[in-house]
Amino acid sequence: MSNHYDYDLIVLGGGSGGLAAAFRAAQHGQRVAMLEPGELGGTCVNVGCVPKKAMWLAADLSAKIGMAAAMGFDVPVRPALDWKELVVHRQAYIANIHASYLKRLNENNVVRVPRKGRLVDAHTVECSDGVRISATHILIATGAHPQRPDIPGAELGAVSDDFFNLCDAPQRVAIVGGGYIAVELAGLLQALGSKVTLLVRGARLLERFDAELTAQLAENLRHQGVQVQFNYRLRELRREGEAVVAYGHDGPHEAVFDQLFFATGRRGNSAGLGLEALGIVVGDKGEVEVDEWQTTAVPSVHAVGDIAGKVGLTPVAIAAARKLMDRLFGGNPQAKMDYANVASVVFSHPALGAVGLSEEEAREQHGDVRVYRSNFRPMLEALSDGTQRSLFKLVCVGEEERVVGVHLLGEAADEILQGFALAVKMGATKAQFDDTVAIHPTSAEEIVLMR
């Protein structure tokens with residue numbers, strides 16, 4: 001590598017993608033500097049997947065304790081939660097992750113600069129203290145942030161980041177949005193003691209997931225006590241004493257809340273990076289436009305993760321970063337991220353997961369589509385007279401019935417899906433699923449028993 005630059009790689013951002021790139025480049029023997037003014041771990045570790053899953057696990061326990069009461073255990077149906085104690089456990093877990101990242105950065109001799117950076121040219125970054133450093137390659141991994149809609153009173157609403165600052169469950173909560181963050185917050189807060197209303201702009205939840213499953217999820221949420229309002233157009237928010245009043249296009253209608261959260265999309269953190277001056281294209285959601293190799297219009301500048309606007313998932317950011325480093329520094333010029341058949345899970349209650357094509361997508365792309373489904377009550381729900389239903393669905397195409405989509409809504413969907421994602425990636429057929437002996441009694445067996 002050229003030695004007339006200070007480093008081989010400068011990474012802007014210390015989230016999942018930036019860290020993965022720094023570690024992989026260092027393992028390839030490169031000199032790496034990472035600029036990150038905040039906590040290591042980015043959205044995922046600090047205000048995303050990790051603390052969210054901790055809260056989801058708590059909500060799951062709360063529901064299970066209610067089921068235990070229904071089955072004869074001497075426990076309260078609505079157990080009291082010391083929210084602050086829960087937060088102590090959650091933050092201790094996150095502190096351990098921070099410590100392990102710091103240790104690994106030191107072990108790999110990655111220079112950590114606790115500053116923001118701005119690109120001055122194709123190889124030079126100016127830190128927020130005025131110091132300039134240069135590198136052969138620059139990686140933008142600055143992530144994204146939640147956005148508020150442009151309506152009067154928008155400042156009265158909180159965003160998903162603010163959820164993690166709560167010290168108690170607000171009594172009456174509105175969540176504006178119908179995507180995965182909205183759905184997750186709704187389930188969590190309802191289970192942990194709030195009365196939740198979901199205000200959804202569209203006619204359904206989770207537009208990127210299978211419509212049949214999301215309809216069943218909406219039904220499950222209603223059974224949990226969440227009010228779901230579709231086709232809701234929020235006009236403005238007003239303060240009324242301690243409360244917030246939401247005005248839709250046709251009036252307030254009991255729309256008085258103690259707290260309102262916006263889950264109305266995210267924007268890439270591209271402002272102030274100096275990109276446009278270098279001819280790097282920034283999209284209308286603040287995302288940095290990259291080619292299939294994660295490279296911008298400037299050959300020495302690359303982007304991964306949420307800022308790159310492809311698939312906003314932590315494991316995708318990590319995989320794309322590693323492939324890019326293998327291509328730039330690992331002697332593997334063909335290494336690039338494969339975005340097909342990436343599995344993902346929404347941590348609703350119960351969880352909803354998918355890999356591959358939805359039924360709608362399959363019908364658009366293939367003529368010959370067969371769908372198999374199983375709608376059932378999991379055993380624990382049935383034993384405790386619960387109302388939550390699971391819906392599992394397989395989407396198959398062609399004469400050989402290749403399985404191109406696995407869609408799971410139900411108990412343990414988050415844990416079940418990983419193995420089936422491998423099967424879809426390998427091109428498994430329905431006949432191979434049928435030949436797999438079921439594990440009984442489980443929810444997972446339904447996937448290999450569909451007829």
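Reply: Happy to. Let's start with Leu394, which is found in strand E21 (residues 390-397); helices (H or I, at least four residues) and strands (E, at least two) are DSSP runs, numbered from the N terminus. This is a predicted model, in which local features need pLDDT of at least 70 and side-chain atom pairs count only at pLDDT 80 or more, while totals for chains, interfaces and linings use all residues. Residues are numbered from 1 along each chain as its sequence is written, and side-chain values use heavy atoms, with hydrogens and water left out.

Leu394 has a relative accessible area of 0%, so it is buried; that word means under 20% relative accessible area, with exposed over 50% and partly exposed in between (1.4 Å probe, protein chains only). What surrounds Leu394, leaving aside its neighbours within four places in sequence? Its contacts, meaning heavy atoms within 4.5 Å, are Arg370, Val371, Tyr372, Val403, Gly405, Val406, Lys430, Phe433, Ile447 and Met450. Leu408 lies 14 residues from Leu394 along the chain, and the C-alpha atoms of the two are separated by 8.8 Å.

Thr295 sits in the loop between strand E16 (266-268) and strand E17 (301-303). With a relative accessible area of 10%, Thr295 also counts as buried. Not counting residues up to four places away in sequence, Thr295 touches Glu289, Val290, Val301, His302 and Arg327.

Now to the sheets. Strands of a sheet pair through backbone hydrogen bonds, either parallel or antiparallel. Here two strands pair if DSSP finds at least two bridges between them. An open sheet of 5 strands has the order E8-E15-E9-E10-E11, with parallel pairing. Strand E8 (158-159) and E11 are its edge strands, each pairing on one side only.

Inside that sheet, E9 and E15 run parallel and are joined by 4 bridges, with Ile175 opposite Phe261 in E15. To get from E9 to E10 the chain passes through helix H6 (residues 180-191), a right-handed β-α-β crossover: with the strands pointing away from the viewer, the path from the first strand over the helix to the second runs clockwise. Strand E10 (residues 195-199) is mostly covered, with 4 of its 5 residues buried. E10 pairs in the parallel sense with strand E11 (residues 227-229) over 3 bridges, and Leu198 has Val228 in E11 as its bridge partner. Together with helix H7 (residues 211-223), E10 and E11 make a right-handed β-α-β unit.

At 1.5 Å a residue, the 25 residues of H4 should span 36 Å, and its end C-alpha atoms are 37 Å apart, which agrees; the expected span is 1.5 Å times one less than the number of residues. Among the buried residues of H4 are Trp83, Leu86, Arg90 and Tyr101. The buried residues of H4 pack against helix H1 (16-27), helix H2 (42-47), helix H3 (49-70), strand E3 (111-113) and H6.

Finally, the rings. The whole structure holds 5 aromatic pairs. Phe163 and Phe164 have ring centres 5.1 Å apart and planes at 75°, so this pair is edge-to-face; rings of Phe, Tyr and Trp (its six-membered ring) pair if their centres lie within 6.5 Å, and planes under 30 degrees apart count as stacked, over 60 as edge-to-face and the rest as tilted. Phe163 also pairs edge-to-face with Phe261, at 6.4 Å centre to centre and 70° between the planes. That pair links distant parts of the chain, 98 residues apart: Phe163 is in helix H5 (residues 160-163) and Phe261 in strand E15 (residues 259-262). Phe163, Phe164 and Phe261 form one aromatic cluster. Phe163 is buried at 1% relative accessibility, and Phe164 is buried at 11%.
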